[in-house]
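Reader: Here is a two-chain model that I would like to learn to read feature by feature. Could you take me through it, giving the general idea each time and then the case at hand?

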Amino acid sequence: MNGNVALRPKPAAPPGPAEQRPHRPGPMIRLMRHPELGALAAVIVIGAFFSVSTVRFASPGGVANWTDVASTIGIVSVAVALLMIAGEFDLSAGVMVGSAGLLVGILSTRLGVNLWVAVAAALGFAAAIGWLNGFVVVRTGLPSFIVTLATFFTLQGVNLGVTKLITDNVRVDGLRTVAGYEQVHAVFGGTFSTWDFRVSVLWWIVITVVAALLLKRTRAGNWIFAVGGDPAAARMMAVPVNRVKIGLFMATSMTAALVGIMVAARLGSVTATQGVGNEFMYIVCAVVGGTLLSGGYGSPVGASLGAVIVGMAFIGIQFSGWNTDWRFLFLGVILLLAVLVNNLVRRAVR
Amino acid sequence: MTRPAWLLEGRGLSKRYGSVHALSDVSVAVGGGQVTCVLGDNGAGKSTFIKVLSGVHPQDEGELLVDGRPVRFGSPGDARAHGIATAFQNLATMPLMSIWRNFFLGAEPTRRFGPLRLLDAATCRRVCRTELAKIGLAVRDPDQTVGTLSGGERQAVAISRALYFGARVLILDEPTSALGVKQTAAVLRFIAAARDRGAGVVFVTHNPQHAYPIGDRFVVLNRGRLMGSWSREQISREELTSAMAGGVEFEELTRPLRSPPPVG
């Protein structure tokens with residue numbers, strides 16, 4: 001800008017010599033933009049490995065086995081992924097599985113509440129806890145890691161304390177004898193087809209599709225990305241930041257409760273420690289699926305693929321006849337690899 | 001007043017933070033199709049001035065007029081509703097989101113699919129591309145993330161977004177401050193394009209070299225006060241620089257830097 005007056009008079013400023021982008025990205029780059037790509041590659045490699053090394057893994061019965069494991073993890077992981085994209089964590093999601101199951105059990109077997117009402121009450125309870133998590137986080141500005149850790153311990157204490165108080169035991173059973181159990185079992189805990197696929201697999205697929213559609217194809221989805229990307233800037237663009245966050249905390253709690261109901265419906269009994277420890281499994285699935293720990297980027301489909309990896313690993317190791325303790329070593333390695341690969345891909349795409 | 005009404009006018013604006021007079025009795029008038037440059041050194045009151053105009057912090061004294069009618073902004077949303085958009089230095093863009101998702105953030109168009117209301121992504125991509133082209137940024141692929149754009153290109157996204165959503169006054173907070181020469185030139189072209197579409201641009205900067213080539217009016221602030229207000233014809237680049245330094249010639253300020261002249 002050396003004192004010229006090239007920008008004047010007005011007609012001399014055409015929207016002209018524009019900043020040309022070098023080229024339209026090739027199909028490879030466009031493919032690599034999908035956050036779930038790394039997880040998909042891992043699913044193929046791990047699936048191929050166990051299909052070759054064990055006979056049962058790729059059989060319909062075997063698939064029913066590992067999709068069952070994947071579904072109960074995946075249903076919550078999908079919601080956790082959305083929450084993480086919005087920049088928050090929920091460490092109380094694991095214990096909520098137990099809380100919801102226990103609530104269904106205690107209400108229906110001890111207090112004579114209709115089983116369907118008990119199911120609705122468990123979902124309502126989860127919604128309330130999720131709302132509380134979100135409300136405290138947006139009001140105080142404290143890290144959700146700490147807020148939901150407090151919820152985690154609180155619920156764990158209540159789960160054990162109340163269960164022991166009522167049953168003198170750490171489990172609630174007798175659900176099978178309650179009126180309406182057959183129906184609830186069919187909807188939440190049953191199986192279908194000759195290979196006994198769990199009905200939870202259908203729930204999982206539907207929830208994944210809904211979450212993916214919500215994130216990529218609705219206004220709320222755009223807001224989720226923005227809230228995790230830069231909350232202050234999102235507010236400036238009139239995005240309802242607090243509503244988005246609280247809504248996602250509620251959704252996460254409710255998916256955890258749904259899995260708790262599924263466990264209760266499947267087994268007819270619930271233990272007080274059910275679900276504890278799963279909170280990190282959900283985060284692992286989301287991260288393996290390409291979701292950033294720092295928020296603003298990720299994919300619910302990726303989280304489901306992460307859950308597929310967990311399901312394949314757990315059942316594959318079992319089918320291989322190895323000691324199942326090894327599965328956590330496997331998970332640790334997969335987590336590290338996935339994060340490294342995702343990091344590399346993102347840099348390449350930039 | 002030489003014209004029916006200014007797009008945006010501030011009369012005797014003052015703002016205090018505690019006992020600090022951040023802004024005292026400052027008046028300014030912004031016309032459509034004009035670039036009004038607000039200049040000042042660090043601490044001159046430029047940020048406070050922007051915050052008052054954009055509704056972030058309402059003024060303590062003085063009045064704001066839009067189209068000649070007095071208004072009072074309680075929030076940036078109020079200002080936007082009156083067609084006054086501000087691009088702050090962070091630009092309110094998300095580096096990890098695509099250009100079109102950034103462009104339509106908070107005002108996404110939707111289409112009905114049965115019971116569902118889904119994002120109209122095709123429209124978003126098309127509008128985003130044509131709107132950016134209008135101010136001189138050719139984007140082949142609106143799906144690329146904003147993080148891949150240069151600082152100057154991000155300004156283009158913020159400017160064209162504001163114009164598309166009906167802004168008539170565009171307040172740009174130091175849009176060229178961290179940019180190199182070529183990108184600065186590009187941003188000045190974006191500003192020129194916005195001006196040619198009839199927007200009143202308020203270009204806030206501390207650099208008279210950037211302001212002079214494009215400004216129609218120059219307003220210089222110093223310690224929260226109005227140093228002076230000139231039309232382009234009334235002031236030269238040198239005089240503008242000197243006014244910014246508080247009447248002291250830049251030459252004088254930099255004299256000690258030179259080696260002493262050889263004696264005799």
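Reader: Which residue does the side chain of A:R266 meet in a salt bridge?

Author: With any such pair, look at the two partners and then at where each of them sits in the chain. In this model, which is predicted, the side chain of A:R266 meets that of A:D68 in a salt bridge, with 3.0 Å from N to O. A:R266 belongs to helix α11 of chain A and A:D68 to helix α3 of chain A, so the pair ties together parts that are 198 residues apart in sequence. A search of the whole structure finds 16 salt bridges over all chains.

Reader: How do the axes of helix α3 and helix α11 of chain A cross?

Author: For two helices, the distance between the axes and the crossing angle are read together. The axes of helix α3 (residues 60-85) and helix α11 (residues 241-267) of chain A come within 7 Å and cross at roughly 170°. Because an angle over 145 degrees counts as roughly antiparallel, α3(A) is described as roughly antiparallel to α11(A). On the α3(A) side the residues that make the contact include A:D68, A:T72, A:I75 and A:V76, while those on the α11(A) side include A:L248, A:F249, A:V259 and A:R266. By class, the residues of this contact divide into 13 nonpolar, 3 polar and 3 charged.

Reader: At what angle do the axes of helix α5 and helix α6 of chain B cross?

Author: Helix α5 (residues 151-164) and helix α6 (residues 181-196) of chain B have axes that come within 9 Å and cross at roughly 10°, which makes α5(B) roughly parallel to α6(B). In this contact B:G151, B:G152, B:Q155, B:A156, B:I159 and B:L163 of α5(B) meet B:Q183, B:V187, B:F190 and B:A194 of α6(B). These residues comprise 6 nonpolar, 4 polar and no charged ones.

Reader: What is the area buried between chain A and chain B?

Author: The size of an interface is often given as the accessible area lost when the parts come together. Between chain A and chain B that area is about 4200 Å², and carbon and sulfur atoms give 54% of it. Chain A brings 42 residues to the contact and chain B brings 54 residues.

Reader: How many salt bridges and polar contacts are found between the two chains?

Author: The rule finds 1 salt bridge across the interface of chain A and chain B, and A:R219 forms a salt bridge with B:E108, the closest N and O atoms being 2.9 Å apart. The count of residue pairs in polar contact between chain A and chain B is 8, with both residues at pLDDT 80 or more. On the side of chain A that touches chain B, the elements giving two or more residues are α8 (199-217), α9 (219-229) and α10 (231-236), and α9(A) gives the most, with 6 residues. That side of chain A divides into 21 nonpolar, 9 polar and 12 charged residues.

How values were computed
Residues numbered from 1 in each chain as written. Chains lettered and ligands numbered in written order. Predicted model: local features only at pLDDT ≥ 70, side-chain atom pairs only at ≥ 80, totals over all residues. Heavy atoms only, no water. Axes fitted to C-alpha atoms, helices over the stretch in contact; angles between N-to-C directions. Helix = DSSP H or I, 4+ residues; strand = E, 2+ residues; numbered from the N terminus. Parallel < 35°, antiparallel > 145°, perpendicular 65-115°, else oblique. Contact = heavy atoms within 4.5 Å. Nonpolar A, V, L, I, M, F, W, Y, C, P; charged D, E, K, R; others polar. Buried area = accessible area lost by both parts, 1.4 Å probe. Salt bridge = Lys/Arg side-chain N within 4 Å of Asp/Glu carboxyl O. Polar contact = N/O pair within 3.5 Å; in protein donor to acceptor, adjacent residues only side chain to side chain.
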